[in-house]
Amino acid sequence: MAGWERRLDAAGVHGRGLRDDYSLAGRVLARRILAHYAAVRLLVAPALQPHLIAAYAFLTRTDDLADQGPVHERRPRWRDWADQVASGLDSGHAQDPVLRAFLHTVSVRQLPHHWVHTYLKATDEELHFTGHATEADFQRYVDNLALPALMLMEDLQHEGGGDAVFRSRCRSFAEGLQRLDFLADLTEDLGGGRLYLPQDRAGPDGLTGPARLHRAEFPAVAAGPAGAGRA
């Protein structure tokens with residue numbers, strides 16, 4: 001804990017209550033995505049570690065509220081959370097400790113608020129999302145959701161946010177990362193009735209989207225990684 005306390009000092013996190021908020025954010029991230037937590041603690045500059053962890057914890061909390069459970073249950077709790085975030089950005093105060101830590105990070109690192117608002121709006125729309133009809137739809141998804149989520153972490157490196165060149169590089173990275181993520185989750189998404197890959201790209205057989213992926217010739221897709229290994 002002594003090392004973590006020194007990092008809180010370096011990050012300008014003072015006051016026992018606020019330091020406890022950041023420590024809780026760290027535990028939330030470690031439980032949710034241990035590999036990401038370990039990478040931050042091992043590879044990121046000490047003064048940035050608490051801020052990056054706060055942003056990661058905020059994103060995972062938001063993602064879980066939007067993704068877990070039936071839509072009719074997710075919708076009201078998501079709306080309550082989004083209202084708390086919007087109010088917190090205006091006031092600087094919040095009841096949730098993870099959100100309090102994130103709001104402090106937004107303030108001291110001068111993170112542009114528009115990344116938060118854009119990310120929240122896109123996440124709200126995704127509650128009823130079933131897939132991308134076209135490549136253009138996918139590109140809008142990157143601009144409205146994947147890129148803002150990435151910038152909530154990467155822009156913390158620069159007080160007030162990075163320049164246009166930095167944002168352009170982040171945008172390219174966000175697109176590649178999102179394509180890889182969609183491929184990794186393909187079986188799970190199809191099981192839930194969603195296809196995130198653009199559906200207007202026909203294969204050699206002329207079929208597009210779900211029609212091509214659900215054909216009998218591709219049992220490994222439905223079977224998942226185990227099935228693919230047997231093919």
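Which residues does Val-28 touch, not counting residues up to four places away in sequence? The legends below start there. The structure is a predicted model, in which local features need pLDDT of at least 70 and side-chain atom pairs count only at pLDDT 80 or more, while totals for chains, interfaces and linings use all residues. Residues are numbered from 1 along each chain as its sequence is written, and side-chain values use heavy atoms, with hydrogens and water left out.

**View 1. Val-28 and the residues it touches.** Val-28 touches Ala-57, Thr-60, Arg-61 and Val-98, leaving out residues up to four places away in sequence; contact here means heavy atoms within 4.5 Å. Val-28 counts as buried because its relative accessibility is 12%; buried means under 20% relative accessible area, with a 1.4 Å probe and protein chains only. From Val-28 to Phe-58 the C-alpha to C-alpha distance is 9.3 Å, across 30 residues of sequence.

**View 2. The ring pair of Phe-58 and Phe-102.** The ring centres of Phe-58 and Phe-102 are 4.0 Å apart and their planes are at 0°, so the pair is stacked. Rings of Phe, Tyr and Trp (its six-membered ring) pair if their centres lie within 6.5 Å, and planes under 30 degrees apart count as stacked, over 60 as edge-to-face and the rest as tilted. This pair links distant parts of the chain, with Phe-58 in helix α4 (residues 49–67) and Phe-102 in helix α6 (residues 97–108), 44 residues apart.

**View 3. The largest nonpolar core.** This core has 59 residues, and among those touching the most other members are Tyr-22, Phe-58, Phe-102 and Leu-152. A nonpolar core is a set of buried Ala, Val, Leu, Ile, Met, Phe, Trp, Tyr and Cys residues joined through side-chain atoms within 4.5 Å.

**View 4. Helix α8 and Gln-139.** Helix α8 is mostly covered, with 14 of its 20 residues buried. Gln-139 lies in this helix, which spans residues 135–154. Its side chain makes a polar contact of 2.7 Å with the side chain of Glu-135, and another of 3.1 Å joins the side chains of Gln-139 and Glu-175. A polar contact is a pair of N or O atoms within 3.5 Å; within protein, one must be able to donate a hydrogen and the other to accept it, and residues adjacent in sequence count only if both atoms are side-chain atoms.

Technical notes. Helices (H or I, at least four residues) and strands (E, at least two) are DSSP runs, numbered from the N terminus. Buried means under 20% relative accessible area, exposed over 50%, partly exposed in between (1.4 Å probe, protein chains only).
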